[in-house]
Amino acid sequence: MTLIRSVSLRRILDSRGNPTVEADVLTDSGGFGRAAAPSGASTGEYEAIELPPGEAIASARQHAVPRLVDEVHAGNQREVDAALRGADGTDDFSTVGANSAVAISMAAAKAGADVLGAPLFQHLGGTFRGGDLPIPLGNVLGGGEHAKAATHIQEFLAVPHGAPNVSEAVFANAAVHDRIGELLDERDMPAGKGDEGAWAPAVTDAEAFDIVAAATDDVAADVGFDVAVGLDVAASELYDAESEVYRYGDVERTPDEQVDYIADLVDEYDLAYVEDPVEEDDFDGFADLTDRVGDRTVLCGDDLFVTNVERLRRGIDEGAGNAILVKPNQIGTLSDAVDAVELATRNGLEAVVSHRSGETEDTTIAHLAVATGAPFIKTGTVGGERTAKLNELIRIAEDAV
Ligand SMILES: O=C(O)[C@@H](CO)OP(=O)(O)O
Ligand SMILES: [Mg+2]
């Protein structure tokens with residue numbers, strides 16, 4: 001029923017207008033799945049390798065497709081992903097390209113679900129999943145690698161952790177985005193938007209904190225539940241390894257000062273979430289911060305862990321962070337992403353399933369978050385490629401009732 005009959009690959013557009021890989025998987029009984037690879041801008045040094053899409057497609061056709069067609073069952077995700085790993089033969093998918101691998105892995109999962117007639121989250125997570133929906137972290141203002149001449153901190157996030165359900169949480173984040181637009185207007189601060197649809201005004205980080213905190217307070221008062229502020233510092237992008245300082249424009253911070261700065265921000269703004277507060281090799285700084293503020297905020301490793309169980313294991317041993325960002329394309333397959341969530345969860349860390357700054361209309365991560373029972377999903381606030389996932393969560397919540 002789920003034996004793979006064909007795998008087709010093509011170049012399609014992502015949300016930045018760059019080419020990316022889309023895969024179609026068809027099974028012997030007519031089951032069909034289609035998925036596309038996202039793409040990062042602030043990519044971690046230790047991520048699986050994204051090849052230029054044309055190369056990734058040619059290499060996957062040569063190495064991976066023959067190992068899948070008439071050989072592997074789309075309904076057996078481990079088998080699909082093992083075949084992809086076997087076809088690639090490297091640890092970082094540098095032969096086939098993590099972009100081809102993840103597109104095929106996700107398309108096969110959808111084809112399997114199609115044959116079963118089950119929603120993807122149920123096929124991946126089991127029949128008892130669907131009751132717990134993740135809290136959406138919404139990027140509402142930012143800069144860094146996603147918008148030049150805006151803030152140094154990459155993402156200011158709305159965290160609607162008091163929302164009674166996922167739909168109200170999603171709409172609260174949209175309301176924060178909208179309110180920030182009004183506040184910027186009132187202050188005569190014209191702003192475009194960054195790669196993820198967040199406002200990208202030419203303001204200092206301090207001004208951004210003021211604006212975002214005012215907007216979350218206004219929306220919280222309106223909706224009647226708590227909406228906190230979170231950050232993705234994306235600190236590796238600020239770090240100058242040669243001089244061993246973090247550069248925020250003209251302001252420099254040593255690694256120790258960086259930890260102090262973030263710890264102070266957590267208390268000053270009651271931050272509910274901080275991602276990549278220090279650069280990707282600084283497990284010690286991450287652990288120090290976890291000691292200091294890990295009891296009152298989520299400290300999440302993105303570039304630190306890159307969805308990789310080896311790096312996560314090190315983080316667990318060293319007490320670095322209390323959460324992991326999970327991006328399937330950072331590691332190359334759904335099985336690897338699920339392994340990362342499971343290792344994290346077994347060790348008391350929280351999982352945050354995440355989009356990339358370059359996205360498509362693909363909704364797989366919404367299902368992955370529900371399938372793994374992840375407490376958070378980070379997938380933007382506005383823009384079609386972001387709302388595709390958010391609207392899918394609303395549908396999943398309805399189905400699960
Ligand atoms: O840093 C991040 O968490 C992501 C997504 O927000 O950005 P990018 O995809 O550019 O790595
Ligand atoms: Mg990040």
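This is a predicted model: local features need pLDDT of at least 70, side-chain atom pairs count only at pLDDT 80 or more; totals for chains, interfaces and linings use all residues.
## Two domains

The protein is split into domain 1 (4-117) and domain 2 (135-400). The C-alpha centres of the two domains lie 27 Å apart. The domains also touch: 31 residues of domain 1 are in contact with 33 residues of domain 2.

Which elements build the side of domain 1 that touches domain 2? Strand 3 (32-36), helix 3 (77-88) and helix 4 each give two or more residues to that side. Helix 4 supplies the largest share, with 7 residues. By residue type, this side of domain 1 holds 15 nonpolar, 10 polar and 6 charged residues.

## The nonpolar core

In soluble globular proteins, nonpolar side chains tend to be buried together. Here, the largest nonpolar core has 129 residues. Ile104, Ile324 and Val352 have the most contacts inside this core. Helix 4 (residues 98-116) gives the largest share of the core, 12 residues. The core takes at least three residues from domain 1 (4-117) and at least three from domain 2 (135-400).

Take Ile324 as an example from the core. Leaving out residues up to four places away in sequence, Ile324 touches Cys300, Gly301, Phe305, Leu312, Ala340, Ala344, Leu349 and Ala351.

## Around the ligand

How many residues surround ligand 1? The number is 14, and the closest are Gly40, Ala41, Ser42, Arg356 and Ser357. The shell is made of 2 nonpolar, 6 polar and 6 charged residues. Both domains take part: domain 1 (4-117) and domain 2 (135-400) each give at least three residues to the shell.

UniProt, in an unreviewed entry, lists Gln154, Lys327, Arg356, Ser357 and Lys378 under "binding site".

## The listed active-site residues

For "active site", the unreviewed UniProt entry names Glu196 and Lys327. Start with Glu196. Its place is the loop between strand 6 (191-193) and strand 7 (199-201). Is Glu196 buried or exposed? Glu196 counts as buried because it has 29 C-beta neighbours inside 10 Å, and the cut-off for buried is 20 or more. Apart from neighbours within four places in sequence, Glu196 is in contact with Asn139, His146, Ser357, Gly380 and Arg386.

Now Lys327. Lys327 sits in the loop between strand 14 (323-326) and helix 11 (328-331). Lys327 is buried too, since 26 other C-beta atoms lie within 10 Å. Leaving aside neighbours within four places in sequence, its contacts are Thr307, Ser354 and Arg356.

## Lys378

Lys378 belongs to strand 16 (residues 376-378). Why does Lys378 count as buried? It has 29 other C-beta atoms within 10 Å, so it is buried.

Beyond residues up to four places away in sequence, Lys378 touches Leu137, Val352, Ser354 and His355. Val352 is one of the residues with the most contacts inside the largest nonpolar core. Ser354 is also a contact of Lys327.

## Ala228

Where does Ala228 lie? Ala228 is in strand 8 (residues 228-232). Ala228 is partly exposed, because it has 19 C-beta neighbours inside 10 Å and a buried residue needs 20 or more.

Ala228 and Leu137 are 91 residues apart along the chain, yet their C-alpha atoms are separated by 9.9 Å. Not counting residues up to four places away in sequence, Ala228 touches Val159, His161, Thr216, Asp270 and Ala272.

## Helix 9

Helix 9 covers residues 283-293. Its buried residues are Gly285, Phe286, Ala287, Asp288, Leu289, Thr290 and Val293. What do the buried residues of helix 9 pack against? Their partners are helix 8 (255-268), strand 13 (298-301) and helix 10 (309-318).

How values were computed. Residues are numbered from 1 along each chain as its sequence is written. Chains are lettered from A and ligands numbered from 1 in the order in which they are written. A residue is near a molecule or strand if its C-beta atom, placed from the backbone, lies within 6 Å of it. Ala, Val, Leu, Ile, Met, Phe, Trp, Tyr, Cys and Pro count as nonpolar, Asp, Glu, Lys and Arg as charged, and the others, Gly among them, as polar. Domain bounds come from an automatic or database domain assignment. A nonpolar core is a set of buried Ala, Val, Leu, Ile, Met, Phe, Trp, Tyr and Cys residues joined through C-beta atoms within 7 Å. A residue is buried if 20 or more other C-beta atoms lie within 10 Å of its own, exposed if 12 or fewer, and partly exposed in between; C-beta atoms are placed from the backbone. Helices (H or I, at least four residues) and strands (E, at least two) are DSSP runs, numbered from the N terminus. Two residues are in contact if their C-beta atoms, placed from the backbone, lie within 7 Å. UniProt positions are given in the numbering used here, feature names are shortened, and annotations may be inferred rather than shown by experiment.
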